[in-house]
Amino acid sequence: ELEASTEPSSGAPAVQDKVRQGLDALQQAAAMVAQLELFSENEELEEIASADLKFMLLPALLGALTLKQVDLSRRREHLESAREHFLRFLKLCGNYGLGSFQLHPGTSSEEEPGSPSAPRDPAQPNLVAMAMTRTAKIERYKQKKELENKLASMSSSVESGAADEDQIREFYILQIQKWIGTSLEELESIDQELVILRSRDAARQAPAGSRGPSRPARTPVKPFILTRDAAQARVFGAGYPGLPTVTVDEWYEERRRQGIVSQQGFGEPGSPSCPSPPAGASDEELQKQQKEKEEEKDDEKALQKARGWDDWKDTHPRGYGNRHNMG
């Protein structure tokens, strides 16, 4: 029912209800199998009745359903529990000679749940082991496809009761071999996720002082302008509107100290908004001020032209454009 479910997410309440029901049923069945002692390490595969072979799948099914639980606060507990179920299934299959597989170091069933595996140096990967692992994965994938095709062709006759004992025995042995490959894949995935969860838990439990010294505060960097050389900077400027070096108040204070502007401000002569011409002002500056006043009062067209020229100079620095093919 879970495999054929149309729910969009495994965390849906209907899916989780079926997961809990399946776990309860499987745990009851596993307890009865243990009480009846259906399987023993001292017997051969031929001594097991064909009807009892399907009960060998109980640990693998328990592991698969345990992984389908979505309680994030107990994720590590579920991973370790599923890992033990899969290891118990593989050990049972190994005792009866079902399938040829090899567990990674540190994945024996006697290992304590959650214990870390032997440390490995990430700077020196075992290339031979990596190649063997890749080859084993490819081989398992091929075997899985073959088993699925065989099981699909036999399932209808077994479920309808038309199959004889030999066909039923072969069908369940193929199911066991299929779940051997699934268990090996799940074990590898579980081990990788456990490493991540252990690292996260260790980081949470570490005290704040053990995380290393805090980084010193970075000093603000003063803006600067890059030019091709110093001479170009003096002649043409930066090539784009320059960065301000002083504030308006600093500029006004400097001009006031030089006697260029009065303390009263700008505006009409003698008023806060218009200072009177300073005593030390040059004739050129007086003429310029007089010209600006005339433009503001009498010639609106000249004023607009002057403002347009100022706007053009703001966006076109000195030396901008093609200077009649002279440079």
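Reply: A salt bridge is a side-chain nitrogen of Lys or Arg within 4 Å of a carboxyl oxygen of Asp or Glu. The model is predicted, and it holds 11 salt bridges.

Me: Why is the contact of glutamate 193 with arginine 75 called a salt bridge?

Reply: The closest N and O atoms of glutamate 193 and arginine 75 are 2.9 Å apart. The cut-off is 4 Å, so the pair qualifies as a salt bridge.

Me: What makes this pair a link between separate parts of the sequence?

Reply: Glutamate 193 belongs to helix α5 (residues 165–205) and arginine 75 to helix α3 (residues 75–95), so the pair ties together parts 118 residues apart in sequence.

Me: Why is glutamate 193 called partly exposed?

Reply: Its relative accessible area is 27%. Buried requires under 20% and exposed over 50%; glutamate 193 is therefore partly exposed.

Me: What makes arginine 257 exposed but glutamate 254 partly exposed?

Reply: Arginine 257 has a relative accessible area of 55%, and exposed means over 50%, so the term applies. Glutamate 254 has 34%, which lies between the limits of 20% and 50%, so it is partly exposed. These two residues form a salt bridge, with the closest N and O atoms 2.4 Å apart.

Notes
Residues are numbered from 1 along each chain as its sequence is written. This is a predicted model: local features need pLDDT of at least 70, side-chain atom pairs count only at pLDDT 80 or more; totals for chains, interfaces and linings use all residues. Side-chain values use heavy atoms; hydrogens and water are left out. Helices (H or I, at least four residues) and strands (E, at least two) are DSSP runs, numbered from the N terminus. Buried means under 20% relative accessible area, exposed over 50%, partly exposed in between (1.4 Å probe, protein chains only).
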